[in-house]
Amino acid sequence: MSVDVHYTVDGPEDGPVVVLSGSLGSRLDMWDPQMAGLTGRFRVVRYDLRGHGSSPVPPAPYTMADLGSDVLRLLDRLKVERAHFAGLSIGGMTGMWLAANAPERIDRLALLCTSATPPGTPEAWEERIRTVRTQGTAAIAPTVVSRWFTPAYAERDPETVSLFIDMIANTPDEGYVGCCNAIQTMDLLPGLPSITAPTLVVAGKLDPTSPPEHAELIASRIPNARMEVIPDAAHLASWEQATFVNELLLDHFGRSSAAA
Ligand SMILES: O=C(O)CC1=CCC(=O)O1
């Protein structure tokens, strides 16, 4: 059952719509570095995943279909028939679900730092869920963020690292666990060959969670996909290598005839 997620809209009223979907434990402001570039041409819709930020927190577990249905409901609320979609990590998983299950709603797709099957081991997800259930999201936040940035960036900008640790620590436990359940139970591989949206798949070369091999697998299964690897990036490539990612997104979404 879908819910009304919290969202913001920026950019020209008549611009082609780009929906941005973030990672587990994030809020929509994780996309701040993309806004100046994208809003020059596009109407940018950002939203908080269910159970995250200012969105409702339904009881866990969630499924990828729940997360995808929230986006379809958001498009309906905004009266948008068809949109470009960029998602990072669980946001990319949501994008794969949407492009396979509601192809008429997705124009061009960008999948950043993501995986089509659960990244990591089943035991690690069980352990993460157990820790959040017993100690809260604050207990896992520093370890998770250690995978989001390269060690060099973390050393250079400890304040940003702290901000992201706080972001995860402020994510409701129920919402975080619900999204972990959605990741644990997904298998998006069978749907990939049916995706018709032109797709850009981006990996951070130093991403320990969704490494370039995961992106290669996705790109090899989607008929009209191309892949880029960003050299100095870990899981949150959109933040650490914002200029690189923005150029890729502008180029990819700008190829649409609707964006001409
Ligand atoms: O939280 C992590 O370790 C990385 C991650 C997996 C899915 C997602 O959205 O982020």
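Begin with the ligand: an oxygen atom of the ligand is 2.9 Å from a polar backbone atom of I90. Please bear in mind throughout that this is a predicted model.

**The whole chain**

Zoom out and colour the chain by secondary structure. There are 11 helices and seven strands to be found. Along the principal axes, the C-alpha atoms fill a box of roughly 50 × 40 × 35 Å. The radius of gyration is 17 Å, which agrees with the value near 18 Å that a compact globule of 260 residues would have.

**The ligand and its shell**

Where does the ligand sit? The ligand sits in the largest cavity. Next, select the residues around the ligand: S23, L24, S89, I90, W125, R128, V144, R147, I183, T209 and H235. Coloured by class, this shell shows five nonpolar, four polar and two charged residues.

Now show the side chain of S89, in which an N or O atom is 2.7 Å from an oxygen atom of the ligand.

**Two places in the backbone**

Two loops remain to be visited. Most peptide bonds are trans, and most residues other than glycine have a negative phi.

Select A60 and P61: the peptide bond from A60 to P61 is cis, with omega near 0°. P61 belongs to the loop between β3 (43–47) and α2 (64–77).

Follow the chain through α2 into the loop between α2 and β4 (83–88), and select K79 there.

Note on methods: Residues are numbered from 1 along each chain as its sequence is written. This is a predicted model: local features need pLDDT of at least 70, side-chain atom pairs count only at pLDDT 80 or more; totals for chains, interfaces and linings use all residues. Side-chain values use heavy atoms; hydrogens and water are left out. A residue is near a molecule or strand if one of its heavy atoms lies within 4 Å of it. A polar contact is a pair of N or O atoms within 3.5 Å; within protein, one must be able to donate a hydrogen and the other to accept it, and residues adjacent in sequence count only if both atoms are side-chain atoms. On a 1 Å grid over the protein atoms alone, a cavity is a set of points where a 1.4 Å probe fits but cannot get out, and a pocket is an open set with protein on both sides within 12 Å along at least five of seven lines; lining residues have an atom within 4 Å of a point. A molecule sits in a cavity or pocket if more than half of its atoms lie within 2 Å of its grid points. Ala, Val, Leu, Ile, Met, Phe, Trp, Tyr, Cys and Pro count as nonpolar, Asp, Glu, Lys and Arg as charged, and the others, Gly among them, as polar. Helices (H or I, at least four residues) and strands (E, at least two) are DSSP runs, numbered from the N terminus. The radius of gyration is taken over C-alpha atoms; the globule rule is 2.2 Å times the number of residues to the power 0.38.
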